[in-house]
Amino acid sequence: MLTRLERSFFRVFPPKYRNRHWKKNLPIRRFQPSKIRGKVIICALSAYGYGMKTRGKVQLNLFFPPFCRILGQCGIATSCVTDFEGLRHELGISEGVPTVLINLINEIYDELDEYDIPEDLMRKASAVFNSHQTAGIIKDKRKANETLSGQGIMMPSLKLDEGKKIFSNARVGSGENVFVLEKNQEIDDGRYNAEFIDTRVPFENSVYYTCVRLVCIGTRTLQIYVRARDVEENNPSVHSKDTPKNPELLEYLYRNLVEPRLDQLHALGRCIGSALGPGFYGHDVLVDNESGHIFLCEAGFKFYDHTYCNRMMNVICDGSLQRTMLDQETYAGYAGSVFLAYCSEMGFL
């Protein structure tokens with residue numbers, strides 16, 4: 001995690017790559033339309049600008065060129081900024097056309113206040129994707145649970161009933177140590193403690209903890225896939241890097257966890273998007289192996305899951321739609337079309 005000292009240093013002595021945003025603009029400049037109907041401004045407002053990786057949220061040079069190409073073909077111009085001065089300039093020259101902002105914010109590692117856009121600039125934008133307000137909600141797992149479950153979205157209960165196991169995780173962070181506790185065990189109230197949802201699924205000679213990932217833009221779901229982790233690892237927290245490269249397992253889990261619940265999963269994506277507002281999201285969903293009910297585990301910003309897609313590129317059957325969507329260029333172009341459809345539906349562009 002970046003320290004305050006590091007941030008202060010880079011504010012006073014900006015690294016060369018902070019001012020290289022013009023170079024980052026070069027790959028998308030060729031996609032600018034001759035007649036502009038709207039504009040999208042990509043904002044990297046942290047101390048590091050575009051120079052640092054966004055820690056799994058997006059690979060800038062791979063995702064945005066095909067994304068912006070689709071936007072350009074539909075009359076939507078794009079540009080990149082790294083500070084409020086640049087944002088003010090871009091909004092000024094865009095006056096008269098609807099403008100949407102996309103924040104390249106990491107809800108866990110970035111200083112969220114760096115994305116607290118002044119009110120006078122906010123009024124000039126028709127929408128902000130990945131806002132710092134939304135980041136503040138999804139950064140803290142307990143706050144996210146309280147906020148989203150309060151809006152009718154099914155999440156693991158924070159009420160720790162007798163006889164039910166407890167899933168204990170860090171309130172903030174990714175890939176932190178997790179524990180499954182009994183009610184009579186000592187519980188750290190400073191952690192995120194919620195009802196344990198048993199997602200174990202047997203397959204062949206093994207048993208796996210499972211998770212369904214929804215990748216969404218606002219209320220629209222772009223991609224659904226399954227992840228798994230062998231129970232022998234003694235860790236119910238499931239990530240892309242833990243998922244076995246086993247095509248038969250993936251097909252079995254998709255057929256049993258996703259296909260019977262496609263309508264429910266899309267409906268859940270719509271509900272979460274409505275609650276959180278505009279954004280590029282990755283939602284982790286748990287399927288209870290007894291009741292079959294689905295629960296949102298957590299939500300986070302995500303443009304494209306390159307860890308999962310790179311890992312499974314040569315695993316999922318060649319020629320299938322799922323395999324096609326693993327290719328980042330193909331996926332980013334599709335994301336551009338879904339983004340435009342969502343913005344049109346919401347009246348942003």
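Q: What volume does the largest pocket have?
A: Its volume is about 1000 Å³. This is a predicted model, in which local features need pLDDT of at least 70 and side-chain atom pairs count only at pLDDT 80 or more, while totals for chains, interfaces and linings use all residues. Residues are numbered from 1 along each chain as its sequence is written, and side-chain values use heavy atoms, with hydrogens and water left out.

Q: And what counts as a pocket?
A: On a 1 Å grid over the protein atoms alone, a pocket is an open set of points with protein on both sides within 12 Å along at least five of seven lines, whereas a cavity is a set of points where a 1.4 Å probe fits but cannot get out; lining residues have an atom within 4 Å of a point. A volume is the space filled by probe spheres set on the points, which are joined across faces, edges and corners.

Q: Which lining residues are closest to the centre of the largest pocket?
A: Of the 49 residues that line the largest pocket, Ser174, Arg213, His239, Asp284 and Glu298 are the closest to its centre.

Q: Which strand gives the most to that lining?
A: Strand 12 does, with five residues; strands here are DSSP runs of E with at least two residues, and helices are runs of H or I with at least four, numbered from the N terminus.

Q: Switching to cavities, how many are there of 30 Å³ or more?
A: A search of the whole structure finds two. The second largest cavity has a volume of about 30 Å³, and the residues that line this cavity are Ile138, Lys141, Ala144, Met155, Cys297, Glu298 and Ala299.

Q: How many bridges join strand 1 and strand 2?
A: Strand 1 (residues 38-43) and strand 2 pair over six bridges in the parallel sense. Lysine 39 stands opposite alanine 77 in strand 2, and cysteine 43 has valine 81 as its bridge partner there.

Q: Is strand 2 mostly covered or exposed?
A: Strand 2 (residues 76-81) is mostly covered, with six of its six residues buried, meaning under 20% relative accessible area with a 1.4 Å probe and protein chains only. Ile76, Thr78 and Cys80 point one way, while Ala77, Ser79 and Val81 point the other way. In a regular strand the side chains alternate between the two faces of the sheet.

Methods. Buried means under 20% relative accessible area, exposed over 50%, partly exposed in between (1.4 Å probe, protein chains only). Two strands pair if DSSP finds at least two bridges between them.
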